[in-house]
Amino acid sequence: MAEKNESNNSEDGRWTLQGKTALVTGGTKGIGHAIVEELAGFGATVYTCCRNQEQLDQCLEKWRGKGYKVEGCVCDLTLRPQREMLMEKVINFFQGKLNILINNAGILLVKPATEFTEDDYSIIMKINFEASHHISQIAHPILKASESGNTVFISSIAGLVALPTSSIYAATKAAMNQLTRNLAYEWAKDNIRVNAVAPSIINTPLIEAAKKNPLTK
Ligand SMILES: NC(=O)c1ccc[n+]([C@@H]2O[C@H](COP(=O)([O-])OP(=O)(O)OC[C@H]3O[C@@H](n4cnc5c(N)ncnc54)[C@H](OP(=O)(O)O)[C@@H]3O)[C@@H](O)[C@H]2O)c1
């Protein structure tokens, strides 16, 4: 990530995220962690979540040490009541206005298509697709209230082309891509832009875990 100048502006001073509010799910590791730092580095106030209190506390301490405005809470996004609890905290923290929502948290399960269990299917659908949809749905009123809302889904190249041993993961990302198109269409009238980013492989703990799986070697 590029270092920002001290005033939280871009290098040439033409833009800044000062005064903007952002929610990044899964901000303690990998891509989400980099997104939190990028947004906070440009001056946004960021809220994030993950399942691990210790890792969250370590990240918050480090970020505050850098002068970033970041808050967060523990939340298991597979559970509907915990998503609702997260969004209550976000609504209170940002006083009802959210400029940027990054649906980032996700998991990768690698197996031949014939070997996925009912539990595998349920967990990956819940975190990768259902949670992203549900968080967006609850966030809609506060994105709209900001009068300049942005939602970004962290999808994957796996949702666009066929890759080996990740069929359900790929399906969750393909569903996310279509949800992006529909929300972009429905929410344009509310001044909410909706986009998806579809990375290829980025070396994160998610990829490290997948590499340990003999099927991906
Ligand atoms: N890395 C890649 O090559 C790649 C490529 C394309 C797309 N992506 C997508 O990018 C996103 C981020 O991937 P990454 O590689 O950065 O993953 P990562 O390094 O494993 O980080 C995932 C983050 O999400 C959190 N998280 C996971 N499950 C959660 C849950 N149930 N509730 C709340 N938080 C949860 C994790 O914290 P806890 O574990 O503490 O909960 C962590 O902060 C994912 O949607 C992934 O599909 C990644």
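Guide: Start with burial: a residue is buried under 20% relative accessible area, exposed over 50% and partly exposed in between, using a 1.4 Å probe and the protein chains only. Helices (H or I, at least four residues) and strands (E, at least two) are DSSP runs, numbered from the N terminus. This is a predicted model, in which local features need pLDDT of at least 70 and side-chain atom pairs count only at pLDDT 80 or more, while totals for chains, interfaces and linings use all residues. Residues are numbered from 1 along each chain as its sequence is written, and side-chain values use heavy atoms, with hydrogens and water left out.

Visitor: Which residues cover the two sides of strand 2?

Guide: Thr 45, Tyr 47 and Cys 49 lie on one side, and Val 46, Thr 48 and Cys 50 on the other; all are buried. With 6 of its 6 residues buried, strand 2 is therefore largely enclosed by the rest of the structure.

Visitor: In which sense do strand 1 and strand 2 pair?

Guide: Two strands pair if DSSP finds at least two bridges between them. Strand 1 (residues 21-25) pairs with strand 2 in the parallel sense, over 5 bridges. For Ala 22, the bridge partner in strand 2 is Val 46.

Visitor: Which residues touch the most other members of the largest nonpolar core?

Guide: In soluble globular proteins, nonpolar side chains tend to be buried together. A nonpolar core is a set of buried Ala, Val, Leu, Ile, Met, Phe, Trp, Tyr and Cys residues joined through side-chain atoms within 4.5 Å. The largest one here has 26 residues, and Leu 23, Leu 77, Leu 86, Met 87, Val 90 and Leu 98 touch the most other members. Elements that each supply at least two residues include strand 2 (45-50) and helix 3 (80-93). Helix 4 gives the most, 6 residues. Apart from this core lies another, of 21 residues, among them Leu 60 and Tyr 68.

Visitor: How many residues surround the ligand?

Guide: A residue is near a molecule if one of its heavy atoms lies within 4 Å of it. By that rule 30 residues surround the ligand, and the closest are Arg 51, Asn 104, Tyr 169, Ile 202 and Thr 204. A polar backbone atom of Asn 104 is 2.7 Å from an oxygen atom of the ligand. An N or O atom in the side chain of Asp 76 is 3.0 Å from a ligand nitrogen atom.

Technical notes: Polar contact = N/O pair within 3.5 Å; in protein donor to acceptor, adjacent residues only side chain to side chain.
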